[in-house]
Amino acid sequence: QVHLVESGGGLVQAGGSLRLSCTDSGRSFSRYVMGWFRQAPGQEREFVAAIGWSGGTTDYADSVKGRFTISRDYTPNTVFLQMNSLKPDDTAVYFCAAGPGRSRWEVYRVESEYNNWGQGTQVTVSS
C-alpha cells in the first residue's frame with residue numbers, strides 16, 4: 001500500500017511562494033498518477049494538479065495555471081507542488097493523492113481515480 005506524507009505548508013503573504021512535498025513511505029510511485037487536491041474552509045475538495053506516471057504529462061486547474069508547477073522524482077519517490085504568486089484564495093488544506101495509471105500519458109482530475117491519500121498540509125495565505 002502507498003503511504004503518502006505531505007510537508008511544506010505554512011503561512012505566507014500574498015505574492016509569496018511555497019513548495020509542497022509528498023513522499024511515499026510505502027510502495028513506489030511507479031505507474032501511479034500523482035495529484036494534488038485542496039480543500040478550503042467550508043468547501044469541497046477540488047483538483048489542483050496532476051502528473052502522469054512518467055512525469056511527461058501534467059494537468060492543472062484553471063485557477064492555478066501559470067502559478068503552480070507539479071513535478072516528481074523517483075528516488076526517493078516524491079511529488080512536488082511549487083506554488084508561486086500565492087493569493088488568499090489559495091488558502092486550503094492541500095492533499096497529495098496517488099492512483100493507478102492506465103498509461104504513461106494519462107492524468108486524472110477526478111477524486112475517485114485516486115485510491116491513496118495523504119493527511120494534508122495547511123497552506124494559509126495572508127492578504
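Trainee: Is arginine 45 buried, partly exposed or exposed?
Mentor: The relative accessible area of arginine 45 comes to 33%. Residues are called buried under 20%, exposed over 50% and partly exposed in between, with a 1.4 Å probe and protein chains only as cover. With 33%, arginine 45 therefore counts as partly exposed.

Trainee: Before we go on, which pLDDT do side-chain atom pairs need in order to count?
Mentor: Residues are numbered from 1 along each chain as its sequence is written, and side-chain values use heavy atoms, with hydrogens and water left out. This is a predicted model, in which totals for chains, interfaces and linings use all residues, while local features need pLDDT of at least 70 and side-chain atom pairs count only at pLDDT 80 or more.

Trainee: Which residue forms a salt bridge with arginine 45?
Mentor: In general, side chains of opposite charge can pair when their charged atoms come close. Here a salt bridge requires a side-chain nitrogen of Lys or Arg within 4 Å of a carboxyl oxygen of Asp or Glu. Arginine 45 meets that criterion at 2.3 Å, N to O, and its partner is glutamate 111.

Trainee: How many residues apart in sequence are the parts tied together by glutamate 111 and arginine 45?
Mentor: Strands are DSSP runs of E of at least two residues, and helices are runs of H or I of at least four, both numbered from the N terminus. Glutamate 111 lies in the loop between β9 and β10 (116-117), and at 31% relative accessibility it is partly exposed. Arginine 45 lies in the loop between β4 and β5 (46-51), so the pair ties together parts whose separation in residues is 66.

Trainee: Which elements hold aspartate 90 and arginine 38, and what is their separation in sequence?
Mentor: Aspartate 90 belongs to the loop between β8 (77-83) and β9 (92-100), whereas arginine 38 sits in strand β4 (residues 32-39), so the pair ties together parts separated in sequence by 52 residues.

Trainee: Which residues does asparagine 84 touch beyond its sequence neighbours up to four places away?
Mentor: Asparagine 84 lies in the loop between β8 and β9 and is partly exposed, with a relative accessible area of 30%. Its C-alpha is 7.1 Å from that of glycine 15, although the two are 69 residues apart in sequence. Contact means heavy atoms within 4.5 Å, and, leaving out residues up to four places away in sequence, asparagine 84 touches Gly16, Ser17, Arg67 and Phe68.

Trainee: What is the phi of serine 85?
Mentor: Serine 85 is also placed in the loop between β8 and β9, and at 44% relative accessible area it is partly exposed. Although serine 85 is not a glycine, its phi is positive, at about 50°.

Trainee: For the chain as a whole, what is the radius of gyration?
Mentor: The protein chain has 0 helices and 11 strands, and buried residues make up 46% of its 127 residues. The globule rule is 2.2 Å times the number of residues to the power 0.38, and the radius is taken over C-alpha atoms. For 127 residues a compact globule would have a radius of gyration near 14 Å, which agrees with the value for this protein chain, 13 Å.
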